[in-house]
Amino acid sequence: SSPASSEPPAPSEPELTPEEIAEQERLAAEKAREERLQGLLDSMTLEEKVGQLFFVRCPETNAVEDISTYHLGGYLLFGRDYKDGDSWLTWEQFIQKIESYQDAAAIPLFIGSDEEGGTVTRASRDPKLFAQPLPSPQELYAARGMDGVAAETLDYNKQLLALGINVNLAPVCDVSTDAGDFIYARSFGGDAAATSEFVTAAVGAIRDAGVAAVLKHFPGYGNNADTHTGVAIDKRPYETFEQSDFLPFRAGMGAGAPFVLVSHNVVECMDAALPASLSPAVHEVLRETLGFDGIVITDDLAMDAVKQYANGEAAVLAVLAGNDMLITSDYQNDIPAVLAAVADGRIAESEIDAHVLRILRYKQAQGWIE
């Protein structure tokens, strides 16, 4: 026999199962997506990156111009944005308005609205857009049970998306069982278990409609005062949060909510000095203890609870605390303040990059970024 025939055969590659092939393809696609995102990030100026962090109250004037001037990440709509003077906008007028905003944006905008139902509704108050305002979760549940809550939430959020609204600042995850609490009317009104069930249903419905849900107001409002009008001090022990307040937030994260909004309450058991929205310690609880890796956003920095942090200082502290996005009415001052903090080394540009990547990753997953 020839010497060649005694050599062992060359080892052949093991056959991959269809599942393994699919997994390899998925990982390759994910890597390609991340590389595209990194390429987009690398091509952005610091001004463009910082602008993405701002989810701002839609201004009364220069709304179209400001999108490109400040490279904004999103617009939050309030009651006035559904009107032209005293008259409610029609479907056609409203959609045209939102399209004019998106046309002005280099990177598609988050268009947000508070549609909790009940006392906090914006879009569905416009009788030309909706037959009636969305009832509160408590009303819906009393009338039609949890299936009714889910069905109405799905219905209204599909309509929001059709109007161009892609973020709903809902559901309220705060646990409140006392009708005397400031937050009670906006909450589900049940204990932590009932509230968790509601949050799971609401987030699922908002997600199925193609809209981003926002869990609020982390770490849980409890029986605290209204932070729109002043400082609220939460003196409850950490165990209360572990056993109650965190549960609906965990439920909402489990249901796939992409956003968590952090309140301005001073939660003494986590950080006695700073409002939660500006507290690195509270953000660490959200990221590490609860494991949230989506987009963290502040409550409105124009609220009285944080007004002592003037001249853009609230915005700087909000970025340093770990927020990915800032809700503010005062972006003309807040954006320069954040840029100045990066310029003087107070905020690392790598931190800005990490926040922007998280925002871009969501926008890309929606198919808004090529």
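Analyst: Isoleucine 95 sits in helix 4, which spans residues 91-104. This is a predicted model. Isoleucine 95 counts as partly exposed because its relative accessibility is 24%, and buried would require under 20%. Beyond its neighbours within four places in sequence, isoleucine 95 is in contact with Ala162 and Leu163. Leucine 163 is 68 residues away from isoleucine 95 in sequence, yet their C-alpha atoms are 5.6 Å apart.

Next, lysine 363. Helix 11, residues 349-365, holds this residue. Lysine 363 is buried and has no salt bridge. Its nearest side chain of opposite charge belongs to aspartate 324, 13 Å away. A salt bridge would need the charged atoms within 4 Å. Lysine 363 does have a polar partner: its side chain makes a polar contact with the side chain of glutamine 52 at 3.0 Å. Outside the four places either side in sequence, lysine 363 is in contact with Gln52, Gly73, Ile107, Pro108, Leu109, Phe110, Trp368 and Ile369.

Then aspartate 271. This residue lies in a loop, between strand 12 (266-267) and helix 8 (280-289). Aspartate 271 is buried and lacks a salt bridge. The nearest side chain of opposite charge is lysine 235, 13 Å away. The side chain of aspartate 271 turns up beside backbone instead. It reaches the backbone nitrogen of alanine 273 at 2.9 Å and the backbone nitrogen of leucine 274 at 3.1 Å. Setting aside neighbours within four places in sequence, aspartate 271 is in contact with Val266, Ser279 and Ala281.

Note on methods. Residues are numbered from 1 along each chain as its sequence is written. This is a predicted model: local features need pLDDT of at least 70, side-chain atom pairs count only at pLDDT 80 or more; totals for chains, interfaces and linings use all residues. Side-chain values use heavy atoms; hydrogens and water are left out. Helices (H or I, at least four residues) and strands (E, at least two) are DSSP runs, numbered from the N terminus. Buried means under 20% relative accessible area, exposed over 50%, partly exposed in between (1.4 Å probe, protein chains only). Lys and Arg count as positive and Asp and Glu as negative; His and the chain ends are not counted. A polar contact is a pair of N or O atoms within 3.5 Å; within protein, one must be able to donate a hydrogen and the other to accept it, and residues adjacent in sequence count only if both atoms are side-chain atoms. Contact means heavy atoms within 4.5 Å.
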